[in-house]
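I shall go through one structure, beginning with a single residue and then turning to the fold as a whole.

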Amino acid sequence: MAFSKARMAMSSTLLTKFIHSAIRPLSTSSDAFTSLSRNSTTMMNQMQMFTLDPSSQIGSCMPLSMMRIGTLIHNIEMNPSQGGKLVRAAGTSAKILKEPKASRYCLIRLPSGKEKLIDTRCRATVGTVSNPEHKAKKLRKAGQSRWLGRRPVVRGVAMNPVDHPHGGGEGRSKSSGSHGRCSLTPWGKPCKGGYKTGPLKRRK
């Protein structure tokens, strides 16, 4: 019984303090100025939240035609409705160099420095890919690279002639006898000295 009375008295005291603090008038002009400044700051923040442009929000995914010039983007489509293909590695981003609304194609600078024209109907995500420290990560042992699916690379000169055109011979030699030989792929195709290995350039 005594415990319940004490509890009721404590609750009534807290209620009285709360009411007095709520209805207590401002004593000085400095308090009034501080409260007004706080209220104005809160209202400004709320207005910014309601009027924030979606094209400047990090993580927004939209067509390039709705973005601004100079925006950093990633996960870019190459064709409309194809899905993101470009700038997906950790810590990478591309930059819009040309106003997307001016024409059908938008000029974008890729992380490699190459500039590419992409259809403004293609979608992209605003911002930079996370985890930029990924490229600085050190592998502790050879098995860790095997966990990542990377198999060992063996030089051709260290193989036998049956396995590679560079194999065989005495010491580190790619030639047979006194005749020189250019570098070859494992399938016997020249790969250095200006030899063209890529597809033929499309003729206009």
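**From one methionine to the whole sheet**

Let me begin with Met159, which sits in the segment that follows helix H3 (142–147). Please bear in mind throughout that this is a predicted model. Met159 has a relative accessibility of 25%, and is therefore classed as partly exposed. Setting aside residues up to four places away in sequence, Met159 touches Val154, His164, Gly167 and Gly168.

Let me now widen the view to the overall architecture. The protein contains three helices and eight strands. Read from the N terminus, the order of elements is α-α-β-β-β-β-β-β-β-β-α. The chain has 204 residues, of which 21% count as buried. As for contacts between residues at least 6 apart in sequence, 43% of them join residues at least 24 apart.

I turn next to the sheet. In what order do the six strands of the open sheet run? The order is E1-E8-E2-E5-E6-E7, with antiparallel pairing. Strand E1 (61–63) and strand E7 (115–119) are the edge strands; each has a single partner strand, so one side of each lacks a neighbour in the sheet. From one strand to the next, the twist averages 45°. Looking at one pair in detail, E6 and E7 are joined in the antiparallel sense over five bridges. Within this region, Tyr105 is found opposite Asp119 in E7.

In general terms, nonpolar side chains of soluble globular proteins tend to be buried together. Here the largest nonpolar core comprises 16 residues, and those with the most contacts inside it are Leu64, Met67, Ile73, Ile76, Ala94, Ile108 and Ile118. Strand E5 (94–96), strand E6 (105–109) and strand E8 (123–126) are the elements that give two or more residues to this core. Which residues does Leu64 contact, leaving aside its neighbours within four places in sequence? Its partners are Ile73, Ile96, Pro100, Cys106, Ile108, Ile118, Asp119, Thr120, Cys122 and Ala124.

Two asparagines deserve a remark on backbone geometry. Most residues other than glycine have a negative phi. Asn75, however, has a positive phi, near 55°. Asn75 is placed in the loop between strand E2 (72–74) and strand E3 (76–77), and its relative accessibility of 28% makes it partly exposed. Asn131 is also not a glycine, and has a positive phi of about 60°. This residue belongs to the loop between E8 and H3. Asn131 has 42% relative accessibility, so it too is classed as partly exposed.

Finally, the cysteines. How many disulfides does the model contain? The count is zero. Cys182 is partly exposed, because its relative accessibility is 42%. Cys61 is likewise partly exposed, with a relative accessibility of 43%.

That concludes the presentation, and I welcome your comments.

Definitions and conventions
Residues are numbered from 1 along each chain as its sequence is written. This is a predicted model: local features need pLDDT of at least 70, side-chain atom pairs count only at pLDDT 80 or more; totals for chains, interfaces and linings use all residues. Side-chain values use heavy atoms; hydrogens and water are left out. A disulfide is a pair of cysteine sulfur atoms within 2.5 Å. Buried means under 20% relative accessible area, exposed over 50%, partly exposed in between (1.4 Å probe, protein chains only). Helices (H or I, at least four residues) and strands (E, at least two) are DSSP runs, numbered from the N terminus. Contact means heavy atoms within 4.5 Å. A nonpolar core is a set of buried Ala, Val, Leu, Ile, Met, Phe, Trp, Tyr and Cys residues joined through side-chain atoms within 4.5 Å. Two strands pair if DSSP finds at least two bridges between them. Axes are lines fitted to C-alpha atoms, for helices over the stretch in contact, and angles run from 0 to 180 degrees between N-to-C directions.
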